[in-house]
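Hi,

Here is the structure I promised to send over.

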Amino acid sequence: MPAGTLRGVREGDANVFRAIPYALPPVGERRWRPPAAMPRWEGVRSAQQAGVACMQPAMAAGPYNRGPIPMDEDCLTLDVTTPADARNAPVMVWIHGGTLIWGTAHSKMYDGREFAKRGTVLVSINYRLGVLGYLAHPELSQESADDVSGNYGLLDQIAALRWVRQNIASFGGDPQNVTIFGESAGALSVEYLLASPAARGLFDKAIVQSGYLFTMPELRVARYEEQSAEGIGSALAAKLGAGGIAELRSMGARELVDAAAAAGFAPFGTIDGKILARQLVDTFDRGEQAPVPLMTGLTSGEVRGLRFLLPPAPASTAAYADDVRSRYGDLADEYLRLYPPQDLEQTQLAAVRDVVFGWASERLARTQAAIGQDAFLYYFDHDYPSAAAANLTAFHASEVPFVFGTLQHTPAGWPAIPNTASERQLSGAMLDYWTSFARDGRPSAAQGRAWESFQPNRAYMIFGDTPRLSKAFMPGMYELHEQIMCRRRASGTQSWNWRAGSLAPPLPAPTQRCSRT
């Protein structure tokens with residue numbers, strides 16, 4: 001292949017190639033620089049051993065904690081799993097989640113052999129995380145020919161997609177049929193790739209699992225309650241006692257990553273006018289995103305595993321209603337209709353789920369359909385005994401092992417999935433839907449219902465005990481939150497993010513731009 005010759009391993013009916021470098025190590029003076037192309041290597045390179053994760057801080061205990069994992073700043077690698085007899089097979093590129101702080105391409109939960117059984121090549125990629133992947137700073141912008149900085153992790157993803165276009169035919173994959181997919185921060189990354197002019201033409205379909213559309217910082221301008229990205233970077237350098245980028249580059253990767261996390265650095269994409277031109281919602285409103293078929297969706301219990309997003313519990317149902325009326329003004333009645341005070345825990349979970357994931361999922365489906373592309377929406381609402389016992393029914397990311405067919409390879413803290421025929425059958429149907437979408441843009445399953453596109457009936461697939469098609473997705477949810485987000489955007493002084501209920505700032509008054517029709 002163009003990159004060089006590899007020796008992988010045969011696992012069943014699949015060929016597996018691990019830890020393939022797609023860019024030069026981003027270390028030393030290459031720290032906080034765009035990824036540099038990997039020159040062709042000589043001889044035969046071993047691709048038989050698992051790679052390392054990119055540098056990341058320790059993760060709190062919980063279902064997402066994978067325990068100690070090897071990591072290094074030299075981490076820009078990818079794994080390829082391909083059917084042994086692959087010829088011009090569809091390609092799926094997985095972008096892992098983890099808040100752009102944690103995660104790795106090499107998790108056992110992302111094993112690609114079930115994809116290979118369905119005639120699909122799976123590529124799973126590492127990318128720089130946290131401060132190493134998303135720091136913007138005036139000195140870094142000055143180093144850049146484009147006078148920009150930040151977005152290094154996103155540039156890594158783009159470099160990996162270029163590598164796939166150039167090399168995947170050697171693995172039996174079709175370089176003209178590439179689907180990108182990711183969950184949580186991986187889904188956010190897919191949204192960035194949909195929006196980025198630099199990624200145009202590098203993929204042909206997209207799947208967004210539990211994506212969100214939060215406000216991003218602009219490179220040099222503070223807006224929407226956000227500091228500028230360069231301002232955030234300068235403030236971080238000051239907190240770490242560094243006089244500039246040279247001192248930050250001289251720090252060890254472990255010291256830097258841990259210090260940045262302790263200082264509260266939160267990685268996001270940066271609006272720099274080149275890699276990301278504008279806020280995601282504005283890009284999609286203008287129809288500037290990649291014109292490709294889209295699948296998107298969420299889980300019913302997203303926030304059960306993300307309770308730090310919840311507002312404080314109100315003292316009473318009356319206090320809850322009064323607080324909603326003080327914050328949501330003329331939209332308070334509709335808010336209380338959708339999120340009533342009778343069961344406050346469920347109400348808070350639903351409200352935050354919808355403000356983060358529900359609104360974003362439907363918005364993505366609507367805006368992709370508006371540019372003439374097929375869009376498919378799903379709602380994962382599957383429960384099983386250990387998840388119910390932990391109050392983690394359909395929690396954030398709980399669909400991932402079903403999508404991969406890796407039900408018995410979840411992290412230690414994950415509610416154990418029963419090894420039963422019914423669980424395997426649901427997983428098999430989801431694998432069928434995902435891989436058929438990658439093949440021809442039309443999700444279908446041998447043991448599942450036909451999946452209609454979202455428009456014109458707001459159709460969606462519910463994954464409960466079995467797949468079930470429904471219509472009229474969450475009546476009123478999108479309309480309420482679109483109005484709320486529109487007013488925050490129009491104000492120019494409020495961000496749009498996870499804040500709901502008592503954490504939300506008072507809603508701005510209606511404007512002509514946000515008129516209710």
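First, the terms: on a 1 Å grid over the protein atoms alone, a pocket is an open set of points with protein on both sides within 12 Å along at least five of seven lines, a cavity is a set where a 1.4 Å probe fits but cannot get out, and lining residues have an atom within 4 Å of a point. A volume is the space filled by probe spheres set on the points, which are joined across faces, edges and corners.

This is a predicted model, where local features need pLDDT of at least 70 and side-chain atom pairs count only at pLDDT 80 or more, while totals for chains, interfaces and linings use all residues. Residues are numbered from 1 along each chain as its sequence is written, and side-chain values use heavy atoms, without hydrogens and water.

The second largest pocket comes to about 450 Å³. It has 23 lining residues, and R18, K108, D111, G112 and R113 are the ones nearest its centre.

The largest holds about 50 Å³ and is lined by V355, I484, M485, R488, S495, W496, N497 and R499. Three of the residues in that lining come from helix α16 (residues 477-491), the top contributor.

The second largest cavity holds about 30 Å³. Its lining includes Y212, L213, F214, V355 and W359, and helix α12 (residues 344-370) supplies the largest share, four residues. Helices here are DSSP runs of H or I, at least four residues, numbered from the N terminus.

Cheers

Definitions and conventions: Helix = DSSP H or I, 4+ residues; strand = E, 2+ residues; numbered from the N terminus.
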